[in-house]
Amino acid sequence: MAMKTINIRTEVPGPKSRALLARRVAAIPRGPQLVTPIFAAKSEGAWIEDVDGNRYLDFAGGIGCLNAGHRHPLVTKAIHDQVDKFLHLCFGVTPYESYIALAEKLNSLAPISGPKKTMFINSGAEAVENAIKIARAYTKRPAVIAFEDAFHGRTLLTMSLTSKIVPYKACFAPFAPEVYRVPYAYCYRCSYSKTYPSCETYCARHLEDTFRRVVAPDSVAAIIAEPVLGEGGFVAPPKEFFSILREICNKHGIVLIADEVQSGIGRTGKYFAIEHYGVEPDLITTAKSLGGGLPIAGVTGRAEIMDAALPGGLGSTFAGNPTACAAALATLEAIEKDGLLARSTAIGKRFEDRVKGWQKKWSLIGDVRALGGMCAFELVTNRETREPAGAETKELAHFAYEHGLITITAGTLGNVMRILVPLVVTDEQFDEAMDVLEAGLTQIVEKKQQPIASHA
Ligand SMILES: Cc1ncc(COP(=O)(O)O)c(C=O)c1O
């Protein structure tokens, strides 16, 4: 029998975590998210140990930043090697090779034909900001089309591109201008109340109507879309969706941006999720898992478009930091050497097999979605009306962490359990984590079925 990874030795949060939590509350504003009130001491592969010695399986991966696992040996070695050489120079002032090598690597991996170029920044939001700047410089047009349920970041422009109001936009107005929003192909909750495939992907085709009623196509610089909605609930649109977007962009000279910040770097079983649709975007944004745990982000795209901005118009002081570049090169090597694309596909299959079984016995599981290791299930209180089970989803996440599994939820309606497990997770660890979710769901379902206590 394989050794269990989960080991909860104290009540959670334990005493040391509780003390740190009190300090956190006193010293840090409430704005930065707090999902799990335990404090980390160390991590490796797919597990995290907290300051009280409790060991958890990690289904969140630092929100999708650890596709290659916590402290992959290749990544930590590359970091150690780099810190002995130099830490910061600013690529714009005194360049170094690793930035170029990483750009060459991403250019070779990006599913875009012809010459490509890549630039680096520090975060996913910065990648999106820069992609929009580049598209505007290239097209000399102002407008951007973004989708319902999209998440693109928390800076002014990326928050404006983001769809969900609470907590991302509430009380932060005014927003950046020239952002227009249209429905995504979220078939389980179609904004047009249509059904796929009889809808003939109406949501994508409807853009031509948007061009007549809302914004002229020759004002539109870019259409930005996540190949799989991340924060919006791990929704992969039907295959035709992106080919129609591509056709529309070609027809009107619009730049198609695939925001792969969450779906990229092997998460879905391919380097980039857009590859599943057989469509070439013009620009691709990356971040999160690219740095294997260090902050780095990129914009990769057609050379002609990437060169549109003037020298000095792009970048930032720390962009493409040498240690982060070294970590990113090692991460891409780790994905290749460890066969993590195939592993991602296998994880998705293992997830679907298990959760589809739950769906058969519990009406609480409304929809099961998996594109490789980008997997999720949506909880509903009523399968017919698809009433979102937000409270139950929260309860499940809470049960999970109390029983040694770190999870994060998703979805505009807060009713999606998403899995961003490091792809180095073993089958035994994965099953152990799924056992926790199953126990949590059993408890929630059984509680609901209990008769109301009679007054004796
Ligand atoms: C698709 C997508 N784009 C952009 C971002 C913003 O990235 P960051 O948090 O690194 O700024 C995220 C973050 O979750 C994301 O999922």
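Two strands pair if DSSP finds at least two bridges between them. Strands (E, at least two residues) and helices (H or I, at least four) are DSSP runs, numbered from the N terminus. With that in hand, here are some notes on the model.

1. Ground rules. This is a predicted model, so to speak a computed one: local features need pLDDT of at least 70, side-chain atom pairs count only at pLDDT 80 or more, and totals for chains, interfaces and linings use all residues. Residues are numbered from 1 along each chain as its sequence is written, and side-chain values use heavy atoms, with hydrogens and water left out.

2. The hairpin. Strand S2 (residues 47-50) and strand S3 (residues 55-58) pair in the antiparallel sense, over three bridges. Look for Ile48, which stands opposite Tyr56 in S3. Four residues sit between the two strands of this hairpin, and Gly53 takes a positive phi there, near 85 degrees.

3. As background, strands of a sheet pair through backbone hydrogen bonds, either parallel or antiparallel.

4. Thr36. You'll find this residue in the loop between helix H1 (15-27) and S1. Thr36 is buried, at a relative accessible area of 14%; buried means under 20%, exposed over 50%, and partly exposed in between (1.4 Å probe, protein chains only). Not counting residues up to four places away in sequence, Thr36 touches Tyr401 and Ile406, where contact means heavy atoms within 4.5 Å.

5. The ligand. Which residues surround the ligand? They are Ser123, Gly124, Ala125, Phe151, His152, Gly153, Glu226, Asp259, Val261, Gln262 and Lys288, a residue being near a molecule if one of its heavy atoms lies within 4 Å of it. By class, this shell has three nonpolar, five polar and three charged residues. For the classes, Ala, Val, Leu, Ile, Met, Phe, Trp, Tyr, Cys and Pro count as nonpolar, Asp, Glu, Lys and Arg as charged, and the others, Gly among them, as polar.

6. A side-chain N or O atom of Asp259 is 2.7 Å from a nitrogen atom of the ligand. Taken alone, the ligand exposes 390 Å², and the protein buries 85% of that (Shrake-Rupley method, 1.4 Å probe). A polar contact here is a pair of N or O atoms within 3.5 Å; within protein, one must be able to donate a hydrogen and the other to accept it, and residues adjacent in sequence count only if both atoms are side-chain atoms.

7. Asn67. This one is in the loop between helix H2 (61-64) and helix H3 (73-83), and at 1% relative accessibility it counts as buried. The side chain of Asn67 reaches the backbone oxygen of Ile265 at 2.9 Å. Leaving aside neighbours within four places in sequence, its contacts include Gly264, Arg267, Ser289, Leu340 and Pro422.

8. Ala273. Buried or exposed? Ala273 is buried, with a relative accessible area of 0%, in the loop between strand S8 (255-259) and strand S9 (283-286). Beyond four places in sequence, Ala273 is in contact with Pro227, Val228, Glu260, Ser263 and Thr268.

9. Most residues other than glycine have a negative phi, and most peptide bonds are trans. Two peptide bonds worth a look are cis: Val12 to Pro13, with omega near -5 degrees, and Val166 to Pro167, with omega about 10 degrees. Pro13 is in the segment before H1, while Pro167 is in the loop between helix H6 (156-161) and strand S6 (179-182). As for phi, Lys140 has a positive value of about 60 degrees and Asp149 one near 70 degrees. Lys140, in the loop between helix H5 (124-139) and strand S5 (143-147), counts as exposed at 70% relative accessibility. Asp149, in the loop between S5 and H6, counts as buried at 14%.
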